Amino acid sequence: MTHDADDGWSFATAREAASFGAGELTNVPGIDHAMAESGTLCGIPEQQVTRYMHLFEPAEAQACLDCRQQAQAAPTKPCAQERLHDRLQDADPGQTRDDLLAALRKGAKVGLWLRGPASQLARHYAGLDSLTEGTEAAVEAFNTAMSIGLARVEDGAWRFLAVLPEDDSRPLVARGPRTLS
Ligand SMILES: [Zn+2]
């Protein structure tokens, strides 16, 4: 999905609220706290809390007031489009990259974004066979890396492939026509 220029979508409006895991003071059920890296946001030490797998819900009645305030004041996180846009700032320059950056700025959905063994990703996720621009460099990147990242974005008539190396090499962008398959 792509947003119209006038529907108000932007990196700023698309930022996502910060999320935290939930926890309780061990043996004192009833109050949910938001978990920081160690301990709760309101300062209970890690060894006194039981961590839960669900997320802290600031709006719920049992949420600790201090944790609620801190969770709601936490900085928002960039959306996937903004993060990928940032990641591609130092990509190989060219029309393909510029078109992908423009698509991300208007909200084109990041359909897939993952990393793993390059040979597996090449076989199952990269869609190298369907590329028509930037093919050679993309294939080369998958052939030479052990581990690699990729992102796929569809916009208009194009299916973009962003190749995101794990080493120091530059990201690159390839694309091919979008198909219905
Ligand atoms: Zn708390």
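A residue counts here as buried if 20 or more other C-beta atoms lie within 10 Å of its own, as exposed if 12 or fewer do, and as partly exposed in between, with C-beta atoms placed from the backbone. Asn-27 sits in the loop between E1 and E2, and has a positive phi of about 70 degrees even though it is not a glycine. Most residues other than glycine have a negative phi.

The structure is a predicted model, so local features were taken at pLDDT of at least 70 and side-chain atom pairs at pLDDT 80 or more, while totals for chains, interfaces and linings use all residues. Numbering starts from 1 along each chain as its sequence is written.

On the whole-chain level, five helices and seven strands turn up in the protein chain; these are DSSP runs numbered from the N terminus (helices H or I, at least four residues; strands E, at least two). From the N terminus on, the elements read β-β-β-α-α-α-β-α-α-β-β-β. The C-alpha trace spans about 60 × 40 × 30 Å along its principal axes. The radius of gyration of the protein chain is 21 Å, whereas a compact globule of 181 residues would come out near 16 Å; the radius is taken over C-alpha atoms, and the globule rule is 2.2 Å times the number of residues to the power 0.38. Of the 181 residues, 29% count as buried. Take contacts as C-beta atoms, placed from the backbone, within 7 Å of each other: among those between residues at least 6 apart in sequence, 61% join residues at least 24 apart.

An open sheet of three strands runs in the order E2-E1-E3 with antiparallel pairing, where pairing calls for at least two DSSP bridges between strands. Its edges are E2 (33–35) and E3 (49–55), each pairing on one side only. From one strand to the next the twist averages 45 degrees, with axes being lines fitted to C-alpha atoms (for helices over the stretch in contact) and angles running from 0 to 180 degrees between N-to-C directions. Strand E1 (residues 21–25) is joined to E3 by four bridges, and Leu-25 has Val-49 of E3 as its bridge partner.

E5 and E6 pair antiparallel over eight bridges, with Leu-150 opposite Val-163 in E6. The two strands make a hairpin with two residues between them, and Gly-156 in the turn has a positive phi of about 55 degrees. On to E7: six bridges join E6 to E7, again antiparallel, and Phe-160 stands opposite Arg-175. This hairpin has six residues between its strands.

Then there is the packing. A nonpolar core is a set of buried Ala, Val, Leu, Ile, Met, Phe, Trp, Tyr and Cys residues joined through C-beta atoms within 7 Å. The largest has 25 residues, and those with the most contacts inside it include Leu-100, Ile-148, Leu-150 and Val-163. Elements giving it two or more residues include helix H3 (95–105), helix H5 (135–144) and strand E5 (147–155), but E6 provides the largest share, five residues. Apart from this core lies another of nine residues, among them Ala-22, Ala-34, Phe-56 and Cys-64. Beyond its neighbours within four places in sequence, Ile-148 touches residues including Leu-121, Phe-142 and Val-163.

Notes. Two residues are in contact if their C-beta atoms, placed from the backbone, lie within 7 Å.
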